[in-house]
Amino acid sequence: MSDHVTTTAAGNGALATGQQARPSPDRVEPSILFEARDLVKRFRTRGHTVHAVNGVSLRIPRGRTVGLVGESGSGKSTVARLALRLLDPTSGELHFDGVDLLRASRREMRALRRRMQIVFQNPLGSLNPRMRVLHAVGEPLVVHRIAKGRQLVDRVVELLEKVGLSAADLYKFSHQFSGGQAQRIGIARALATDPDLIVCDEAVSALDVSVQAQVLNLLKRLQAELGLSYLFIAHDLNVVRYMADEICVMYLGQIVERGDGDTLFADPRHPYTQMLVSAVPEFAPGREGERRHRVAPRGEPASPSNPPPGCHFHPRCSKATARCRTEAPKVHRIADGRTVACHLYDPAGEANGK
Ligand code: SF4
C-alpha cells in the first residue's frame, strides 16, 4: 500500500544545501522541509524477509511537528533511521529542503547531516559515560569543524543554558545526572550544529511523567525560538497529541490514518486508531469526564516477517469482512482532510462486502 498524501503545506523549499534563514514558526503556510515518498524497507534475516516499512509517505513543514504513533514493531523507528539516512531504503524517495537525499553527493550529505539530528530514547545509554558534558555536547561541533578551543566551550555553555543546564555542568559525567537532565544534554547535543530537523525517537518514553512534561515543554519552547521541525515518534498517544500538528498512525509498516491531532483523537476513523485511542480512556478532548465507548484491544500485532494478507489489521479488526482478508485497502481521503486506509471508507462501498 502506498499513501502519498498532500498536507496543508505549500511547495518545496529552494534547491540548496547551505544553511538558510529560517522562517517564523507561525507562518500560515510553511513550506515543506522534509518529504518521504513511498518509502519501503525490507530486511533479510535468517531466511526471512521483514517488511519493516511498506510504502510510507510523509511531509514535514518548516517549524512544524509530524507525529508517528503506533505499537512497538509498527516500523516507526525504522522510518526515523531512514529519514536521517542512518539506513538506506529498499525503495522510495527522500527529500530535504529540495535536495534528493538518495542522489546527494557525499559532500552534500555531509553538509545536510548537520541540519538533521536525532534525540534517542535512552538518555543515559545514548551518552558516552566516559565523556564529560563539554565533549558529549561539543563532539558534533568538532566533527563538523564548527568550533574549537574557547569558541567550543562558549558554544557548549550557550547550548546548556538553552536546555536549562549551566556552565557548572560542563565537566560532569553523564552518570551524575538524572534521566531528565541527561535528556537535556542529548537535546543540547542535537542542537549543537544548528539543525532544521530533529527526529525525536521515543525521546521521553524512558522518563517519569512529570519529567516528560518538562522535556516536552522544553522541545516546544525550542521549536518556537528556533523554528525547528520535528518528526516526533512515540507509542504514547497523549505525548504525540501534545506535540504534533499532524499525526500519522502506523500499523505493520504502513500509515493507516493521518490527520490533525485534535480531530483524529476526537473522532478516530480507522479501526486501529479507534482501538489505540480507546485504550487511553482519559483522552476525550472537549468531553473530559465523559467515558468513551471502549473498543477493547484485540490480539497482538502480527510479525512484520509474515504480515497477514489483505488488510494487515484484519485478524484484530472487529469490522473485518471477507474482502478485508484478501484485498489490501487503498488510502481514502475523508471529509475533514484526513486519510484512512480502510475499505470502510471506499466510496464504492464494497468494503462493506458483507
Ligand atoms: Fe478492518 Fe477491513 Fe478496515 Fe482493515 S480494511 S481496518 S480489516 S474494516
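How many bridges pair strand β6 with β7, and in which sense do the two strands run? Let us keep that in mind while we look at the model as a whole. What you see above is a predicted model. Its protein chain holds nine helices and 12 strands. Of the 354 residues in the chain, 51% are buried. The chain exposes about 16,100 Å², and carbon and sulfur atoms supply 49% of that area. Contacts tell us something about how the chain is arranged: among those between residues at least 6 apart in sequence, 65% join residues at least 24 apart.

Now back to the opening question. Strand β6, residues 116–119, pairs with β7 in the parallel sense, over four bridges. Within this pairing, Gln117 stands opposite Ile198 of β7. Strand β7 has another partner to look at: five bridges join β7 to strand β8, residues 229–234, and these two strands also run parallel.

The rest of β7 is worth a walk along its length. The strand covers residues 197–201, and five of its five residues are buried.

Next, let us turn to the aromatic rings. A search of the whole structure finds three aromatic pairs. In one of them, the rings of Tyr251 and Tyr272 have their centres 4.6 Å apart, with their planes at 55°, so this pair is tilted. Tyr251 belongs to strand β9, residues 246–251, and Tyr272 to helix α9, residues 271–278, so the pair ties together parts of the chain that are 21 residues apart in sequence. Both Tyr251 and Tyr272 are buried.

Tyr251 also forms an aromatic pair with Phe313, and this one is edge-to-face: the centres are 5.1 Å apart and the angle between the planes is 80°. Here the link is between distant parts of the chain, since Tyr251 sits in strand β9 and Phe313 in the loop between α9 and β11, 62 residues apart. Phe313 is buried, as is Tyr251. Taken together, Tyr251, Tyr272 and Phe313 form one aromatic cluster.

The charged end of Lys220 sits over the ring of Tyr242, at 4.4 Å from the ring centre.

What about the cysteines? A disulfide is a covalent bond between the sulfur atoms of two cysteines. A search of the whole structure finds zero disulfides. Two of the cysteines to look for are Cys311, which is buried with a relative accessible area of 13%, and Cys317, which is buried at 12%.

Our last stop is a glycine. Gly186 lies in helix α5, which spans residues 179–191. Is Gly186 buried or exposed? Its relative accessibility is 14%, so Gly186 counts as buried, the cut-off being under 20%. Gly186 and Val163 are 23 residues apart in sequence, and their C-alpha atoms are 9.6 Å apart in space.

Definitions and conventions:
Residues are numbered from 1 along each chain as its sequence is written. This is a predicted model: local features need pLDDT of at least 70, side-chain atom pairs count only at pLDDT 80 or more; totals for chains, interfaces and linings use all residues. Side-chain values use heavy atoms; hydrogens and water are left out. A disulfide is a pair of cysteine sulfur atoms within 2.5 Å. Buried means under 20% relative accessible area, exposed over 50%, partly exposed in between (1.4 Å probe, protein chains only). Contact means heavy atoms within 4.5 Å. Accessible areas come from the Shrake-Rupley method with a 1.4 Å probe; for residues, only the protein chains shown count as cover. Rings of Phe, Tyr and Trp (its six-membered ring) pair if their centres lie within 6.5 Å; planes under 30 degrees apart count as stacked, over 60 as edge-to-face and the rest as tilted. A charge sits over a ring if NZ of Lys or CZ of Arg is within 6 Å of the ring centre and within 35 degrees of the ring normal. Two strands pair if DSSP finds at least two bridges between them.
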